[in-house]
Amino acid sequence: MESFRGLHLISGCVALAVLLSGCSASVTGDASSEAGPSAAHPETRHIAALPVGTVVFSRRPDGSASSRRVVAKEADRVRVTSHEGADGDGPVTGRQVYDPDGNLLRSEDARGRVWRYEPHNCDYVIGRCEYTSIGPTRTDRHRREQERDGLTLTQRWYWCPSRFDCRLRQSSTSGYSQDGLLLWFEQDDGPGRVTYGYRFPQEG
C-alpha cells in the first residue's frame with residue numbers, strides 16, 4: 001500500500017450517491033439555472049476534488065468499515081473504487097464514475113451490474129434536482145432536494161413513479177468541517193451516524 005502524508009479522521013458517512021442504484025435526469029427548479037459548477041456545494045471538497053490516491057474510509061455504528069479510493073482523473077470524469085475495510089486496498093465491492101462536481105454518473109457493483117445516472121444523480125446540486133436511474137432491470141425517476149445552512153446540509157430523496165407523483169423515500173442531515181470535508185451523515189430513520197476519515201497520498 002502506498003505511503004500517506006497524514007491521516008485526517010473525522011466523523012461522517014458513506015455518501016448517499018454510493019448507496020443508490022442508477023439514474024437519468026434533468027435539473028429543475030432552483031437548480032435549473034445553476035446546473036454548472038456554481039450549483040455545487042461551494043465549500044465542499046467532494047470525492048472528485050480530492051487527489052488521485054486519496055482513500056476515504058467510513059465506519060458504521062455497528063463497527064463495520066468500508067472505503068473508497070480515487071484511482072484516476074480525466075478531463076470530465078473521476079474514477080473511484082469501493083473496497084471492504086478501511087484501508088482502501090481490500091476486496092473491490094464496486095466502481096464509480098463521477099463528474100468534476102462530485103455528482104455520480106455511473107456505478108457498478110461487485111457482480112458487474114451497472115447503473116447509469118443521467119445527466120447525474122444530483123448529489124452536489126443545492127436546491128431541487130430531478131434525475132432518472134437506469135439499472136439492469138428497471139428505470140426510475142428521482143428527485144433530490146438539498147438545503148445548506150452554514151456547515152449543515154439537509155437532504156430529501158424522492159422516488160417518482162410519475163412526473164407529478166413523487167414519494168419521499170429518505171431524509172438525512174450531514175455536517176461539514178471548515179475546510180470542506182464531510183464530517184457526518186445521519187439518515188433520519190437510520191441506525192445512527194457513520195464516521196468518516198481521509199488518507200491523503202504523500203506528495204512527491
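Strands pair here if DSSP finds at least two bridges between them. Strands (E, at least two residues) and helices (H or I, at least four) are DSSP runs, numbered from the N terminus.

Good morning. Before going further, let me state the basis of what I present. This is a predicted model, in which local features need pLDDT of at least 70 and side-chain atom pairs count only at pLDDT 80 or more, while totals for chains, interfaces and linings use all residues. Residues are numbered from 1 along each chain as its sequence is written, and side-chain values use heavy atoms, with hydrogens and water left out.

First, confidence. pLDDT is the predictor's confidence in each residue, on a scale from 0 to 100. The chain averages 81, and 78% of the residues score at least 70. Over residues 1-40, however, the pLDDT is below 50, although this stretch has 146 contacts in the model beyond near neighbours in sequence. A contact means heavy atoms within 4.5 Å.

Next, the overall architecture. The chain contains 1 helix and 13 strands. Along the sequence, the pattern reads β-α-β-β-β-β-β-β-β-β-β-β-β-β. Of the contacts in the chain with a separation of 6 or more, 45% are between residues 24 or more positions apart. The accessible surface comes to about 9,800 Å², and 47% of that belongs to carbon and sulfur atoms; areas were computed by the Shrake-Rupley method with a 1.4 Å probe, and for residues only the protein chains shown count as cover. Of the 204 residues, 49% are buried. Buried means under 20% relative accessible area, exposed means over 50%, and partly exposed lies in between (1.4 Å probe, protein chains only).

I return now to the strands of the opening question. The hairpin of β9 and β10 has 2 residues between the strands, and Gly 150 in the turn has a positive phi of about 65 degrees. Within this pairing, His 142 has Trp 159 in β10 as its bridge partner.

The loop between β7 and β8 deserves attention. Pro 119 is found in that loop, and a cis peptide bond joins Glu 118 to Pro 119, with omega about -5 degrees. Cys 122 is found in the loop between β7 and β8 as well. Its phi is near 65 degrees, a positive value in a residue other than glycine.

This cysteine leads to the disulfides, defined as pairs of cysteine sulfur atoms within 2.5 Å. How many disulfides does the structure hold? It holds 2 disulfides, and they follow the pattern 1-2, 3-4, with bonded cysteines counted along the chain. In the link of Cys 122 and Cys 129, the sulfur atoms are 2.1 Å apart. The torsion about this S-S bond is about -60 degrees, so the disulfide of Cys 122 and Cys 129 is left-handed. Cys 122 is buried, at a relative accessible area of 0%, and Cys 129 is likewise buried, at 0%.

Cys 160 and Cys 166 form a disulfide with sulfur atoms 2.0 Å apart. That link is right-handed, with 105 degrees about the S-S bond. Is each of its cysteines buried or partly exposed? Cys 160 is buried, with a relative accessible area of 5%, whereas Cys 166 is partly exposed, at 22%.

Finally, the interior. In soluble globular proteins, nonpolar side chains tend to be buried together. A nonpolar core is a set of buried Ala, Val, Leu, Ile, Met, Phe, Trp, Tyr and Cys residues joined through side-chain atoms within 4.5 Å. The largest such core has 24 residues, among which Leu 50, Tyr 98 and Tyr 198 touch the most other members. At least two residues of this core come from each of β4 (78-84), β7 (114-118), β8 (127-134), β10 (152-162) and β13 (194-201). β13 gives the most, with 3 residues. Leaving aside residues up to four places away in sequence, Leu 50 touches Arg 45, Val 56, Val 70, Lys 73, Leu 181, Tyr 198 and Phe 200.

Thank you for your attention.
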